[in-house]
There are 2 protein chains.
Amino acid sequence: MALGPMRRQAAADDDGLAARRNIRSGLHRGPTAGLAPGFVQGNLAILPRALAADFQRFCRLNPKPCPLIGLSAPGDWRVPELGEDLDIRSDIPRYRVWRDGELVAEPEDVTAFWRDDLVSFVIGCSFSFEEALTQDGIEIRHIAMGCNVPMYRTSIATKEAGPFRGPLVVSMRPMKPADAIRAVEITARFPAVHGSPVHIGKPELIGIADLAKPDYGDAVPVNDDELPVFWACGVTPQSVVATVKPDFCITHYPGCMLVTDRKNAEFEVG
Amino acid sequence: MALGPMRRQAAADDDGLAARRNIRSGLHRGPTAGLAPGFVQGNLAILPRALAADFQRFCRLNPKPCPLIGLSAPGDWRVPELGEDLDIRSDIPRYRVWRDGELVAEPEDVTAFWRDDLVSFVIGCSFSFEEALTQDGIEIRHIAMGCNVPMYRTSIATKEAGPFRGPLVVSMRPMKPADAIRAVEITARFPAVHGSPVHIGKPELIGIADLAKPDYGDAVPVNDDELPVFWACGVTPQSVVATVKPDFCITHYPGCMLVTDRKNAEFEVG
């Protein structure tokens with residue numbers, strides 16, 4: 001084990017721990033896309049203990065938008081199931097701090113905001129299945145274009161738990177029909193990172209009036225020989241939390257995710 | 001084992017062997033849909049040995065339309081991998097006999113036509129995955145309507161092997177988008193019975209001009225909130241064989257399949 005730290009220091013950000021240490025020390029700032037290829041990244045929601053039981057139940061009831069991959073003990077900034085030497089207060093490049101539903105700060109570290117009653121929820125993210133799709137030769141339009149995935153609020157209601165309720169948010173990736181079928185097969189094997197799509201082909205049926213006007217992210221073109229394919233999106237819990245307006249809440253800044261020690265391949269089933 | 005025959009006689013057609021014996025004895029005539037629920041049924045193509053190697057290669061190259069689940073030795077009317085006491089000459093309710101590509105007979109038994117050089121190919125059939133879809137609560141339109149599944153020749157070419165070539169034939173089932181996604185997930189687990197769809201949503205992209213005019217089977221309505229979902233179809237090899245016009249060939253009469261001793265569940269993977 002004596003060689004461990006040296007090896008870690010020598011590594012750039014090619015594994016989850018190295019990436020977190022680079023983030024923590026300020027060596028890496030900004031979006032985490034592309035960091036530590038093959039390692040799972042997660043969405044973050046930190047809530048006061050008083051809301052934690054209801055939010056955990058919300059995740060259980062809505063596993064497609066809210067696949068819970070990590071959960072801390074109250075007040076504990078560690079999430080051992082996701083990584084060794086993980087400090088949820090400092091290991092994300094940028095945070096958003098909310099009071100009564102209002103954004104009050106976007107710091108690079110939330111140690112100063114920490115409270116003994118905070119519970120961290122880490123929710124699976126589509127980076128994991130996008131890696132599997134790309135490895136299978138399927139083009140991901142927003143990645144090819146170098147922009148954010150387009151996301152839409154839908155007319156599909158999440159299942160409510162206590163105060164948590166609101167519409168399902170979906171991300172959209174246009175694909176040729178044969179690729180869409182393969183994408184269903186591939187993403188179905190990743191239930192912990194949103195799983196198979198929730199809709200395909202007819203956006204108007206799920207309350208999306210205009211694909212060119214996403215509610216979050218950037219619009220991408222859908223060609224005549226393609227179908228829009230929709231996956232449940234990890235923005236759903238942030239949207240729901242914003243509706244609830246908890247007295248205090250911390251989330252990750254969009255695109256600045258938690259990089260974990262878990263491998264994407266570990267999340268593949270079947 | 002002494003009770004075996006009595007049990008078999010007492011059974012109606014609730015397993016594959018009982019169904020075959022009822023067919024062989026003339027107790028059951030006509031289509032096999034609904035016989036021996038849970039047991040695999042198969043499409044049949046019997047070819048002279050001179051063509052068998054090419055046709056076997058054709059099946060290997062085109063596993064979605066031609067999933068080979070049983071293969072006999074030349075001249076042998078048994079297919080042990082599919083069932084005990086199985087006589088391919090008499091265990092199908094009705095056959096079609098072809099000479100030089102022309103239909104010459106539709107007998108209920110082909111013992112009189114048997115030759116020492118004939119090789120039997122049994123190819124998986126969509127009955128198996130339709131059972132899985134129905135068990136998952138997905139409506140199959142043509143079953144609900146009591147008609148045949150609509151089938152279409154496509155612009156997708158099969159991979160050729162020797163003289164065997166021609167267009168892929170697909171079957172179509174209309175489904176709501178969420179059901180279509182589940183259907184992809186379910187049928188992907190049955191690669192030996194056509195597997196996942198080959199197309200979804202845009203028939204014109206695969207050379208189908210009018211869904212209301214199938215090339216085989218019966219038209220079924222596709223509602224505004226549904227997508228047409230297309231699977232590779234076991235009619236493909238019959239269509240290809242008809243193109244090749246072998247000097248001699250036997251196939252099953254449409255809807256009159258071989259009922260086997262294998263269970264649909266055995267063909268589920270993953």
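## A walk from the crossed helices to a strand residue

Start by selecting α6(A) and helix α6 (residues 177–187) of chain B: their axes come within 9 Å and cross at roughly 70°. Axes here are lines fitted to C-alpha atoms, for helices over the stretch in contact, with angles running from 0 to 180 degrees between N-to-C directions. Helices (H or I, at least four residues) and strands (E, at least two) are DSSP runs, numbered from the N terminus. Before moving on, note that this is a predicted model: local features need pLDDT of at least 70, side-chain atom pairs count only at pLDDT 80 or more, and totals for chains, interfaces and linings use all residues. Residues are numbered from 1 along each chain as its sequence is written, while chains are lettered from A and ligands numbered from 1 in the order in which they are written.

Since angles of 65 to 115 degrees count as roughly perpendicular, α6(A) and α6(B) are therefore roughly perpendicular to each other.

Now show the side chains here. I181(A), V184(A), E185(A) and A188(A) meet I181(B), V184(B) and E185(B); residues are in contact if their C-beta atoms, placed from the backbone, lie within 7 Å. (Ala, Val, Leu, Ile, Met, Phe, Trp, Tyr, Cys and Pro count as nonpolar, Asp, Glu, Lys and Arg as charged, and the others, Gly among them, as polar.)

Next, zoom out to both chains, where 18 residues of chain A are in contact with 18 residues of chain B. On chain A's side, α6 (177–188) and β8 (199–200) each supply at least two residues, and α6(A) gives the most, with 7. That side of chain A divides into 11 nonpolar, 4 polar and 3 charged residues.

Hop over to helix α7 (residues 235–244) of chain B and pick out its buried residues: V235(B), T236(B), P237(B), Q238(B), V240(B) and V241(B). Buried means 20 or more other C-beta atoms within 10 Å of a residue's own, exposed 12 or fewer, and partly exposed in between, with C-beta atoms placed from the backbone. Colour β1 (39–48), β5 (118–124) and β6 (151–157) of chain B, which are among the elements covering them. Just after α7(B), K245(B) takes a positive phi of about 50°.

Last stop: I156(B), in strand β6 of chain B. Is I156(B) buried or partly exposed? With 19 C-beta neighbours inside 10 Å, I156(B) counts as partly exposed. Beyond its neighbours within four places in sequence, I156(B) is in contact with P167(B), L168(B) and I206(B). Check the C-alpha atoms of I156(B) and L168(B): 12 residues apart along the chain, they are separated by 5.6 Å.

Methods. Two residues are in contact if their C-beta atoms, placed from the backbone, lie within 7 Å. Angles under 35 degrees count as roughly parallel, over 145 as roughly antiparallel, 65 to 115 as roughly perpendicular and the rest as oblique.
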